[in-house]
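This briefing goes through the structure shown below, topic by topic.

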Amino acid sequence: MTDKYAKPVLNIDHYAVVGNPIAHSKSPLIHSAFAKQTNQEMSYERILAPLDSFEATIKELVAQGYKGVNVTVPFKFKAFNLCDMFTERAQAAGAVNTLTFKDGRISGDNTDGAGLVRDMTHNLKHILHNKRTLLLGAGGAAEGVLHPLLACELDGLVIANRTIEKAERMISRQVGALNQLSASTYADLNNPFDIIINATSAGLTDTELPIPNMVFAKDCLAYDMMYGRETPFMTQARANGAQVADGLGMLVEQAAEAFYIWRGVRPDTKPVIEMMRAL
Ligand code: ATR
């Protein structure tokens with residue numbers, strides 16, 4: 001089949017991460033490490049898309065013969081609208097972080113939730129089945145991981161958010177899993193949880209979330225999807241005896257899942273996580 005936009009003009013397979021801002025993105029480092037480890041001949045770069053022309057940027061990359069891109073803030077929802085087809089988990093999230101360009105069509109996937117679950121289960125060795133779980137936040141980051149979390153047969157999932165209406169709206173869209181889900185404000189949380197995931201952006205401004213200390217059950221895993229800084233949530237969790245993890249493992253695992261979609265090969269993430277930690 002011919003490409004509906006243009007013929008490929010590149011001689012090795014090109015990929016990129018597209019966002020705005022993008023200079024900070026670690027994805028090129030991670031994908032280069034995967035490519036080297038698995039002997040894949042490919043390139044992966046950062047591309048800054050202007051805020052008002054994400055679609056034109058993607059069409060241009062398709063025209064140039066790129067094979068796929070990762071999409072990051074603030075374009076994950078716009079990217080969803082560009083897709084000709086999706087995976088179920090992308091459809092559930094309403095947002096995509098991985099686009100594949102093939103046979104003139106754009107397919108969308110969302111590997112964020114799978115990356116989070118894989119980091120918690122495979123790297124941090126936590127069993128999620130039957131665990132009382134609390135998800136903090138109801139924005140795009142929370143939405144992106146909800147569907148894969150629900151597939152883990154948790155012992156209930158409470159979504160707490162500053163604006164409770166957003167948590168309630170998020171729940172109302174999960175038709176098949178309503179009995180597992182409930183919404184709460186931070187102040188109304190009054191039970192302990194085995195797994196607590198911070199998907200808010202409050203850590204970016206060093207803002208404490210007003211959650212009571214009793215939410216951290218004995219042997220709790222407190223996971224902050226942010227990486228590269230100690231957030232007030234992590235400090236509070238540590239002070240309450242929780243095992244604390246940042247989002248670096250998730251970053252590498254979501255990239256590995258995208259790499260697998262594009263190249264059909266699963267990289268070994270352990271040495272790449274170690275490399276990223278040492279930077
Ligand atoms: P993202 O894509 O990172 O999820 P977002 O969609 O803007 O970004 O969502 C940010 C999340 O962090 C929301 O859950 C937001 O709470 P509200 O929905 O009430 O706005 C949460 N958040 C951001 N700053 C916060 C703060 N200072 N205190 C508490 N929650 C905060």
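Helices (H or I, at least four residues) and strands (E, at least two) are DSSP runs, numbered from the N terminus. In that numbering, asparagine 130 sits in the loop between helix H5 (112-123) and strand S7 (133-136). The model described here is a predicted one, and its protein chain is divided into domain 1 (2-109 + 250-278) and domain 2 (113-246).

**Domains and their interface**

- The C-alpha centres of domain 1 and domain 2 are 26 Å apart, and the contact takes 14 residues from domain 1 and 16 residues from domain 2.
- Between them, domain 1 and domain 2 bury about 1200 Å², and 62% of this area is on carbon and sulfur atoms.
- Across this interface of domain 1 and domain 2 there are 5 residue pairs in polar contact, counting pairs with both residues at pLDDT 80 or more.
- On the side of domain 1 that touches domain 2, the elements giving two or more residues are helix H4 (88-93), helix H9 (248-263) and helix H10 (269-278), and the largest share, 5 residues, comes from H9.
- By residue class, the side of domain 1 that touches domain 2 divides into 6 nonpolar, 2 polar and 6 charged residues.

**Salt bridges**

- Over the whole structure the search finds 14 salt bridges, while across the interface of domain 1 and domain 2 the rule finds 2 salt bridges.
- Glutamate 253 and arginine 118 form a salt bridge through their side chains, with an N to O distance of 3.5 Å.
- Lysine 76 and aspartate 112 also meet through their side chains in a salt bridge, here at 2.9 Å from N to O, and this pair links distant parts of the chain, since lysine 76 lies in helix H3 and aspartate 112 in helix H5, 36 residues apart.

**Ligand surroundings**

- Which of the 14 residues around the ligand come nearest? They are Ala141, Asn161, Arg162, Thr163 and Lys166.
- The side chain of asparagine 161 places a polar atom 2.7 Å from an oxygen atom of the ligand.

**Backbone geometry in loops**

- The peptide bond that joins asparagine 20 and proline 21 is cis, with omega at about 5 degrees, and proline 21 belongs to the loop between strand S1 (13-19) and helix H1 (27-37).
- A cis peptide bond also runs from valine 73 to proline 74, where omega is near 5 degrees; proline 74 has its place in the loop between strand S3 (68-71) and helix H3 (76-82).

How values were computed. Residues are numbered from 1 along each chain as its sequence is written. This is a predicted model: local features need pLDDT of at least 70, side-chain atom pairs count only at pLDDT 80 or more; totals for chains, interfaces and linings use all residues. Side-chain values use heavy atoms; hydrogens and water are left out. Domain bounds come from an automatic or database domain assignment. Contact means heavy atoms within 4.5 Å. Buried area is the accessible area (1.4 Å probe) that two parts lose on being put together, summed over both. A salt bridge is a side-chain nitrogen of Lys or Arg within 4 Å of a carboxyl oxygen of Asp or Glu. A polar contact is a pair of N or O atoms within 3.5 Å; within protein, one must be able to donate a hydrogen and the other to accept it, and residues adjacent in sequence count only if both atoms are side-chain atoms. Ala, Val, Leu, Ile, Met, Phe, Trp, Tyr, Cys and Pro count as nonpolar, Asp, Glu, Lys and Arg as charged, and the others, Gly among them, as polar. A residue is near a molecule or strand if one of its heavy atoms lies within 4 Å of it.
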